[in-house]
Each structure stands twice: as structure tokens, then as C-alpha cells.
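Open the model in a viewer and keep the selection panel at hand. The stops below go from one selection to the next.

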Amino acid sequence: MPHISLTWSHEFCETANKVKAGFAEFGNSFGTFESEGYDAGAETYTAELGITAYKGKHFSLFLNYDLGIKEDYVANAVTGGLKFYF
């Protein structure tokens, strides 16, 4: 049984995280520092293509390909497996 899935999501919050830290061992003598994380962008697009083969009532085999796309980021994954139903 083939299947396909397409999704889009939008992140409404701030996408870049900031971290403010200091060294507890030294108290305030070194002060604190701040680091800003990577801004991954607000839009995400994903696609999944797959096929599942059923063998009787209790077994199935599957193979999937997943693609995720963001601004400056692309992820690929291939997964497969055997499922047992009871």
C-alpha cells in the first residue's frame, strides 16, 4: 500500500534562542556573557513517501523516505522495518 504525505508548518515564536550565562565558581568577577543561537527560519516543509506490504493479519513490512526542508537546511531519511500486530 503506497502512501504520500506533504506538510507545511510555520513557527510563530522567536526562532533564534539566546543563552545568558556566567561562571558560578568565580562569582561576578568575570560577569556574564550572552550567546545567540542559529536562526533556523520560521517555515518548514516536509514530504514522506512510503510503501507498506501486509503479510496476513499479523505482519507488515514498510519502507519510507522522508524529506525536510527549512531555510538553509535539508534533511533526508530512509527508514524500513517489520511490524508485528497482536
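Select Ile-51, which is found in strand 4; strands here are DSSP runs of E with at least two residues, numbered from the N terminus. The model is predicted: local features need pLDDT of at least 70, side-chain atom pairs count only at pLDDT 80 or more, and totals for chains, interfaces and linings use all residues. Residues are numbered from 1 along each chain as its sequence is written, and side-chain values use heavy atoms, with hydrogens and water left out.

Ile-51 counts as partly exposed because its relative accessibility is 46% (buried is under 20% relative accessible area, exposed over 50%, partly exposed in between, with a 1.4 Å probe and protein chains only). Not counting residues up to four places away in sequence, Ile-51 touches Met-1, Pro-2, His-3, Leu-61, Phe-62, Leu-63 and Asn-64; contact means heavy atoms within 4.5 Å. For a distance check, pick the C-alpha atoms of Ile-51 and Leu-6: they are 45 residues apart along the chain and separated by 15 Å.

Next, select Ile-4, Leu-6, Leu-49, Ile-51, Leu-63, Tyr-65 and Val-78, and show the surface. These residues make a nonpolar patch of about 720 Å². Patch residues have over 30% relative accessible area and no salt bridge; like charges are joined within 9 Å, and nonpolar side chains (Val, Leu, Ile, Met, Phe, Trp, Tyr) within 5 Å. A salt bridge is a side-chain nitrogen of Lys or Arg within 4 Å of a carboxyl oxygen of Asp or Glu. Areas come from the Shrake-Rupley method with a 1.4 Å probe, and for residues only the protein chains shown count as cover. Strand 1 (2-10), strand 4 (43-55) and strand 5 (59-70) each supply at least two residues of the patch. Ile-4 lies in strand 1 and, at 59% relative accessibility, counts as exposed.

Stay in strand 4 and move to Thr-52. Is Thr-52 buried or exposed? At 15% relative accessibility, Thr-52 counts as buried. Leaving aside neighbours within four places in sequence, Thr-52 is in contact with Met-1, His-3, Ser-60, Leu-61 and Phe-62.

Asn-64 counts as buried, at 13% relative accessibility. The side chain of Asn-64 makes a polar contact with the side chain of His-3 at 3.4 Å (a pair of N or O atoms within 3.5 Å; within protein, one must be able to donate a hydrogen and the other to accept it, and residues adjacent in sequence count only if both atoms are side-chain atoms).

Also in strand 5 is Phe-62, partly exposed at 23% relative accessibility. Beyond four places in sequence, the residues that Phe-62 touches include Ile-51, Thr-52, Thr-79 and Leu-82.

Now display the strands as a cartoon. Strand 4 and strand 5 run antiparallel and are joined by twelve bridges; two strands pair if DSSP finds at least two bridges between them. Ala-47 stands opposite Leu-67 in strand 5. The two strands form a hairpin with three residues between them, and Gly-56 in the turn has a positive phi of about 75°.

Twelve bridges also join strand 5 to strand 6, again antiparallel, with Phe-59 opposite Phe-84 in strand 6.

End at Asp-72, in the loop between strand 5 and strand 6 (73-84). Asp-72 has a positive phi of about 65° although it is not a glycine. With a relative accessible area of 67%, Asp-72 is exposed.

Conventions. Helices (H or I, at least four residues) and strands (E, at least two) are DSSP runs, numbered from the N terminus.
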